Every structure is written in structure tokens, then in C-alpha cells.
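Please examine the sequence and the structure below, and then follow the headings in turn.

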Amino acid sequence: MVVHIQDEQEVANFKYFWHRWGRWIFAVLVVLALAYLGYVLYQSHIRSNNEKAAEVFNTFVTQAGANNIAESKKALMQLQQEYPDTMNATQATLMMAGSAFDDGKYDEAIRHLQWVKGKQHDDLLQTIVAQRLATVYLQQGKYSDALQALDIQVTSQFKPVLLETRGDILQAQKKNAEAVAAYQQALNLLSKDSVQREVLQMKISSLS
């Protein structure tokens, strides 16, 4: 009899609890389920996008290798418009920027690099773009633009690249003392076993 009363009390407590909190618990479960479904669909979309972008990238590489400029540019445009956030689009754009630079098409190279700068915010890619932009501007003799291109915020491990490039620009301006200071700053940030230390030391020695 006591057991029966306890069972009835437990049922009553459960009914009370569910009546008061049941719909909120259900709502939370629905939200969690929808969130999980959204995550699964998003991941599936990312995979699908990357696979499609990889196909277009292969077309880009093939056409560029065959020196078919029109078709390679068409593939690049498709990557930039349809898959702008993929690494394939970034890689293709950087390759096209390099090709334009080699051909002396500096303004075109700058446009490609600026596109990557606006799409990718990873410190490594930002450093690569900044260094290449500065190099293009340096080739054009636009020293102020070159130095400004290097004015970005990145973690300390990438700063030596920017400082060395800054030194190169200052050296081109015949500002040797400032160039040495930039090279020295870069040298101070490098690890003891970095192969770039020897290059920087040679640059400093040549200006001292």
C-alpha cells in the first residue's frame, strides 16, 4: 500500500513538472535538433562547394598550363564569383597575380592581390599578400604605397617577412640607416635556426 502511494506521488510530481516545464524542454530539444541539422547541412554544403571548386581549379590550371589565357581567366572568374571563400579561389588568384607580375602587368597583379586581401583574413595569407603587394608597388617605384601595404597587424612569427620587405623598400630609397634598422628588427624576431638569418645578416653587412 505504501509503495502504491509512493508511485502515485511520483506520477503526480512528474505530471506537475511536465505541465510546468514540459513545453520549454520540448522547445529546447527542437532548437538543438534544428541547430544540429543546420550544422550537418552546412558541413555538407562546405564539402560540396570545395569539391566543385576543386574541379574548376583543375580547369584553371590546365588552361593556364596550355597558355589559354581566355579560358583560364574564365575559370578564375567562376571561382571568384561562385566559390569566393574557398582556398582554390585564393590559390588561383595568387597564381594569376604572379603571372601578371611576371608579364609586367602590375595593376592587374594588384587587383588580384587586393581581392585575396579582402577575402582571406588568416595571418599567413595576409602576410603573403602584403609582401607581394609591396613588391609590386616597389617595382612601380611607388614607395609610399609599398610601405603602406606592409602596415598590417599580424602575429610576431610573420613580422620578420614584413620587416625585411620594409628594409628592401627603404634601401631602394637610399635610406640605408633605416633599412638596416628594419633588417635588424626582423633578425631579432627570427629563431636562432632560421635560414633567413644569414640573408638578413648579409643585407645588413652590405649597408654598414
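In which loop does Asn-67 lie? Asn-67 is found in the loop between α1 and α2. The setting of this residue is taken up again under the heading on loops.

## Basis of the model

The model is predicted, so that local features need pLDDT of at least 70 and side-chain atom pairs count only at pLDDT 80 or more, whereas totals for chains, interfaces and linings use all residues. Residues are numbered from 1 along each chain as its sequence is written, and side-chain values use heavy atoms, with hydrogens and water left out.

## Overall architecture

The protein has 9 helices and 0 strands; these are DSSP runs numbered from the N terminus, with helices being H or I of at least four residues and strands E of at least two. From the N terminus on, the order of elements is α-α-α-α-α-α-α-α-α.

Of the 208 residues of the protein, 32% count as buried. Buried means under 20% relative accessible area, exposed means over 50%, and partly exposed lies in between, with a 1.4 Å probe and protein chains only. Among contacts with a separation of 6 or more, residues 24 or more positions apart account for 48%, where contact means heavy atoms within 4.5 Å.

## Nonpolar cores

In soluble globular proteins, nonpolar side chains tend to be buried together. A nonpolar core is here a set of buried Ala, Val, Leu, Ile, Met, Phe, Trp, Tyr and Cys residues joined through side-chain atoms within 4.5 Å. The largest such core holds 34 residues, of which Phe-60, Leu-79, Leu-113 and Leu-133 touch the most other members. Two or more residues of this core come from each of α1 (2–65), α2 (69–82), α3 (87–102), α4 (106–119), α5 (123–140), α6 (143–149) and α7. The largest share, 7 residues, is given by α5. A second, separate core of 12 residues includes Ala-179, Leu-187, Leu-190 and Leu-200.

Leu-79 illustrates the surroundings of a member of the largest core. Residues up to four places away in sequence aside, Leu-79 touches Ala-53, Val-56, Phe-57, Pro-84, Asn-88, Ala-89 and Ala-92.

A salt bridge is a side-chain nitrogen of Lys or Arg within 4 Å of a carboxyl oxygen of Asp or Glu. By this rule the count comes to 2. In one of them, Lys-203 pairs with Glu-164, and the closest N and O atoms are 2.8 Å apart. This pair links distant parts of the chain, with Lys-203 in helix α9 (residues 196–207) and Glu-164 in helix α7, 39 residues apart. Glu-164 is buried, at a relative accessible area of 11%.

Asp-168 and Lys-203 also meet in a salt bridge, at 3.0 Å from N to O. Because Asp-168 lies in helix α7 and Lys-203 in helix α9, the pair ties together parts that are 35 residues apart in sequence. Asp-168 is partly exposed, with a relative accessible area of 26%. Through shared partners, the salt bridges join Glu-164, Asp-168 and Lys-203 into one network.

## The largest pocket

Rolling a probe the size of a water molecule over the atoms shows where empty space is left. On a 1 Å grid over the protein atoms alone, a pocket is an open set of points where a 1.4 Å probe fits, with protein on both sides within 12 Å along at least five of seven lines; lining residues have an atom within 4 Å of a point. The largest pocket has a volume of about 180 Å³, a volume being the space filled by probe spheres set on the points, which are joined across faces, edges and corners.

The residues lining this pocket include Leu-147, Asp-151, Gln-153, Lys-159 and Arg-166. Helix α7 (residues 159–172) gives the largest share of the lining, 4 residues. By type, the lining divides into 6 nonpolar, 1 polar and 3 charged residues. Ala, Val, Leu, Ile, Met, Phe, Trp, Tyr, Cys and Pro count as nonpolar, Asp, Glu, Lys and Arg as charged, and the others, Gly among them, as polar.

## Loop residues with positive phi

Most residues other than glycine have a negative phi. Asn-67 has a positive phi of about 60° although it is not a glycine, and at 60% relative accessibility Asn-67 counts as exposed.

Lys-174, also not a glycine, has a positive phi of about 65°. Lys-174 lies in the loop between α7 and α8 (176–189) and counts as exposed at 70% relative accessibility.
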